[in-house]
Amino acid sequence: MKPSHIEHIGIAVINLEDAISFYEKVLGLTCYNIEEVPDQKVRTAFFMVGQTKIELLESTDPEGPIGKFIQKKGEGIHHIAFSVEKIEEQLMHASKLGITLIDCKPRKGAEGLDIAFLHPKATSGVLIELCENKTHLTG
Ligand code: ZN
């Protein structure tokens, strides 16, 4: 699969503004984008650290994936996203290796990325997201 880098780390937070304030005031990072992703029932905030982003995730619905995660585990690291090319092929490859997929086909995530999740049962407990930025190919 050979991911080129960790695209982002997703962190579940209860209050987006409080969490943004920590990353800006304490770590000195700048939030460059806040975006709602209705499909995922979240509001997201992004920070760039080198090539990697921090993606803060605040639930907009207690029944959504982040709402449920926080109810079960509290705030904390939710997923790690690897940047890959040809995401459809990577999903087929993982599936052939017997890895359970949450998404059999990529869908649209924040920032226009094509994303898909592998099931944490197949990855030693870490929710892994694969993502591909197809927009940079066309400029
Ligand atoms: Zn993500």
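Ile128, Leu130 and Glu132 point one way from strand S8, Glu129 and Cys131 point the other way, and all are buried (buried means under 20% relative accessible area, exposed over 50%, partly exposed in between, with a 1.4 Å probe and protein chains only). Helices (H or I, at least four residues) and strands (E, at least two) are DSSP runs, numbered from the N terminus. This is a predicted model, in which local features need pLDDT of at least 70 and side-chain atom pairs count only at pLDDT 80 or more, while totals for chains, interfaces and linings use all residues. Residues are numbered from 1 along each chain as its sequence is written, and side-chain values use heavy atoms, with hydrogens and water left out.

**The sheet**

- The model has an open sheet of 8 strands in the order S2-S3-S4-S1-S5-S8-S7-S6, with mixed pairing; two strands pair if DSSP finds at least two bridges between them.
- S2 and S6 stand at the edges with a single partner strand each, so one side of each is left without a neighbour in the sheet.
- Strands of a sheet pair through backbone hydrogen bonds, either parallel or antiparallel.
- S1 and S5 run antiparallel and are joined by 7 bridges; Gly10 stands opposite His79 in S5.
- Strand S5 (residues 76–83) runs parallel to S8, and 4 bridges join the two.
- Ile80 has Ile128 as its bridge partner in S8.

- Strand S7 (residues 114–118) is antiparallel to S8, with 5 bridges between them.
- Two residue pairs illustrate this pairing: Ile115 has Cys131 as its bridge partner in S8, and Ala116 stands opposite Leu130 in S8.
- S7 is mostly covered, with 5 of its 5 residues buried.
- On one side of S7 lie Asp114, Ala116 and Leu118, on the other Ile115 and Phe117, and all are buried.
- In a regular strand the side chains alternate between the two faces of the sheet.
- Strand S6 (residues 107–108) is joined to S7 by 2 bridges, and the two run antiparallel.
- Lys108 stands opposite Asp114 in S7.
- S6 and S7 form a hairpin with 5 residues between them, and Glu111 in the turn has a positive phi of about 60 degrees.

**Leu130 in S8**

- Leu130 lies in strand S8 and counts as buried because its relative accessibility is 1%.
- Not counting residues up to four places away in sequence, Leu130 touches Met1, Phe82, Val84, Ile87, Gln90, Leu91, Asp114, Ile115, Ala116 and Leu118; contact means heavy atoms within 4.5 Å.
- Leu130 and Ser21 are 109 residues apart along the chain, and their C-alpha atoms are separated by 28 Å.

**The largest nonpolar core**

- The largest nonpolar core has 12 residues: Ile11, Val13, Leu16, Ala19, Ile20, Tyr23, Leu29, Cys31, Ala45, Phe47, Ile54 and Leu56.
- Such a core is a set of buried Ala, Val, Leu, Ile, Met, Phe, Trp, Tyr and Cys residues joined through side-chain atoms within 4.5 Å.
- Two or more residues of this core come from each of strand S1 (5–13), helix H1 (16–25), strand S3 (42–49) and strand S4 (52–59).
- H1 gives the largest share of this core, 4 residues.
- In soluble globular proteins, nonpolar side chains tend to be buried together.
- Val13 touches Ala19, Leu56, Leu57, Glu58, Ser59, Ile70 and Glu75, not counting residues up to four places away in sequence.

**A nonpolar surface patch**

- Phe22, Val26 and Leu27 make a nonpolar surface patch of about 290 Å².
- Patches are made of residues with over 30% relative accessible area and no salt bridge, where like charges are joined within 9 Å and nonpolar side chains (Val, Leu, Ile, Met, Phe, Trp, Tyr) within 5 Å.
- A salt bridge is a side-chain nitrogen of Lys or Arg within 4 Å of a carboxyl oxygen of Asp or Glu.
- Accessible areas come from the Shrake-Rupley method with a 1.4 Å probe, and for residues only the protein chains shown count as cover.
- Leu27 is placed in the loop between H1 and strand S2 (31–37) and is partly exposed, with a relative accessible area of 49%.

**Positive phi angles**

- Most residues other than glycine have a negative phi, and most peptide bonds are trans.
- Lys2, in the segment before S1, has a positive phi of about 45 degrees although it is not a glycine.
- Lys2 is exposed, with a relative accessible area of 78%.
- Lys41, in the loop between S2 and S3, is not a glycine but has a positive phi of about 55 degrees.
- Lys41 counts as partly exposed, at 32% relative accessibility.
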